[in-house]
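Below are some notes on strand pairing, a surface patch and charged pairs. Please read them alongside the structure.

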Amino acid sequence: MLSALLFVALLQPAPAAGYTLTPSLTPLALTGDDAPADALWLAPKKKVTVVLSGPTKLTLTFVGLADKKSKKPVTTGGVTVKVDREAATQIVFAKAVPGLEVTTKATGAVAAAVVEKRDLALGVGPHLLQISPGPGAKHGVGLVITTTPEAVAPPPSPPTAEVTPDTSPAPEVVAAPPPPPLPAGPAPVESTTGAAAEPDIMAGPAATPASAVDAAGYTFIGPPPPLATIVGPRGNDKLLKVSLAEGLELQAVGPGTMVFTIHAHRDPAVQESMQPVIVGVLVDEILIQTLSVDQPPSNELRFEGETYTPAVRVTLRVPVEPGLHRVRLTLSDSAVLGASIRPELQPLAPSEEPSVVSAEMARARDLRAQAPAVETHGNTGVGLLVGGQLPASLGAAGFAAQLDASFPIPVVGRLAAGLSVAFAQVSDSIRYADPRSRSGASTADIRLRTVPILVEARFAAPVSDPFGVEVGAGGGVMLASAAVESGDASANGGLKALGTAVLQTTVLFGIGPGAVLAKVQGMVSQPLNAGVVRNFSPAGVSVTLGYRLTFGGRSGGA
């Protein structure tokens with residue numbers, strides 16, 4: 001499917017914006033402080049596909065939307081971004097602060113907002129991105145896509161100038177001393193509590209043109225990060241203090257293996273620093289893998305001159321193929337205090353061959369890699385419906401009210417579990433043969449009351465938002481009672497529990513915080529035998545209309 005989409009995109013002319021969207025999105029007019037221009041509205045539960053060609057720098061600006069109902073910060077949800085065939089990345093938005101407001105013409109709602117930005121560097125060739133709002137983004141997400149093409153340096157051309165022989169004596173040549181190598185640093189600090197919690201991840205880079213590097217086999221791109229000292233039972237250890245904003249970027253020459261020793265920074269006083277830190281591995285600006293550093297603070301290590309504590313050590317290994325390659329590590333937003341990292345290049349012996357490890361194999365090695373979000377259709381919701389019910393054994397319809405609940409099942413996609421509890425009352429008059437009456441017939445009034453309690457398996461059909469269709473089947477129990485009055489005589493057989501099966505179809509229209517429901521339900525039950533009422537079928541057909549309030553987004557749509 002991915003290859004087909006890329007092939008079709010390459011056959012189409014490149015748009016002025018530098019990318020194509022499938023499907024097209026509605027423009028989102030935003031007003032207020034820091035409101036970005038040219039925003040598009042990505043509705044809840046919708047997915048947009050972005051196709052573009054590299055090399056390019058891609059900037060994604062997300063606007064999280066939330067109801068302005070509280071004076072406290074409110075949650076705006078998040079978004080899931082999948083680049084090519086790599087694992088999906090979940091971005092959780094910060095809470096929107098009251099006072100920063102936007103007016104969304106697409107939804108007609110006044111909302112508090114928060115703006116998040118992410119930059120992606122895409123290499124040469126076609127790329128496919130898939131973006132979808134997270135479960136908490138019940139008002140959808142504002143999206144601004146900006147591309148900055150990067151020029152591809154042409155290969156150097158051979159000299160064409162005429163060469164004139166020089167017959168003068170050659171001057172004495174004095175070789176310049178080689179540059180001093182970068183310190184490789186001491187051996188990593190061991191922790192007796194974290195020896196078993198050290199995951200390995202391997203990733204295969206791509207090739208780039210060669211250039212000079214340091215004698216140690218790698219060099220920093222830009223100024224190197226400052227040093228941090230970790231004090232442990234085996235002495236002091238020097239590592240690079242890497243910040244969230246800068247990350248770590250190196251040039252390494254292969255063949256060999258880049259080994260990164262990583263300590264996350266933990267501080268119980270900074271709650272966010274206690275969360276797992278996602279380390280992204282990019283080789284030649286291609287995202288190869290992610291590693292979740294979820295180790296706790298070490299009981300044996302401490303930083304010199306710092307209040308936070310290093311976490312238990314994690315080692316990251318990245319094979320480097322022959323040639324010069326750019327290796328970059330990024331840190332997720334939870335690394336508010338940064339991380340300490342020491343790089344080391346382990347060259348291969350002449351008799352060894354570099355290992356080529358695909359992204360799929362690397363992902364299998366990384367048991368802590370962030371899994372893609374499970375796609376669900378529909379949301380947990382509770383609805384109230386009213387209407388009428390027509391029992392099979394009566395010729396009149398009566399009143400019916402129903403409480404309906406729906407619970408999506410993420411592991412099976414479009415399936416959901418449903419629970420409904422209803423109450424119905426139907427009254428009717430029937431004539432029966434009565435030899436005691438002068439006319440030979442009498443009239444009896446029957447009042448039927450039922451309470452069906454049903455559990456269903458429901459399937460959400462793939463239709464376009466904001467509409468939705470659910471079909472379900474299930475069963476349960478029906479509590480039924482029938483009272484009969486004829487003249488001065490009356491009889492009541494009491495309450496009976498009857499086994500019941502149900503088939504139902506529900507049409508939804510998403511609006512506001514939920515959806516309008518129109519539900520048709522057909523029921524079959526055991527016959528009711530109570531007193532003078534014999535072989536009476538209380539089940540039948542009900543038609544109800546109501547509204548379902550959803551939690552986590554709107555109902556309806558594909």
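1. E20 and E30 pair antiparallel over 12 bridges; strands are DSSP runs of at least two residues, numbered from the N terminus, and two of them pair if DSSP finds at least two bridges between them. Val 382 has Leu 549 in E30 as its bridge partner. The model is predicted: local features need pLDDT of at least 70, side-chain atom pairs count only at pLDDT 80 or more, and totals for chains, interfaces and linings use all residues. Residues are numbered from 1 along each chain as its sequence is written, and side-chain values use heavy atoms, with hydrogens and water left out.

2. E20 also runs antiparallel to E21, joined by 9 bridges. The two form a hairpin with 6 residues between them. Gly 388 has Phe 399 in E21 as its bridge partner.

3. Arg 548 and Asp 404 form a salt bridge, their closest N and O atoms 3.2 Å apart (a side-chain nitrogen of Lys or Arg within 4 Å of a carboxyl oxygen of Asp or Glu). The pair links E30 to E21 across 144 residues.

4. Arg 458 and Glu 456 form a salt bridge at 3.0 Å, N to O. Arg 458 is buried at 1% relative accessibility, and Glu 456 is buried at 4%. Salt bridges with shared partners join Asp 404, Glu 456, Arg 458, Glu 470, Lys 519 and Arg 548 into one network.

5. Val 455 lies in strand E23 and is exposed, with a relative accessible area of 51%.

Technical notes. Helices (H or I, at least four residues) and strands (E, at least two) are DSSP runs, numbered from the N terminus. Buried means under 20% relative accessible area, exposed over 50%, partly exposed in between (1.4 Å probe, protein chains only).
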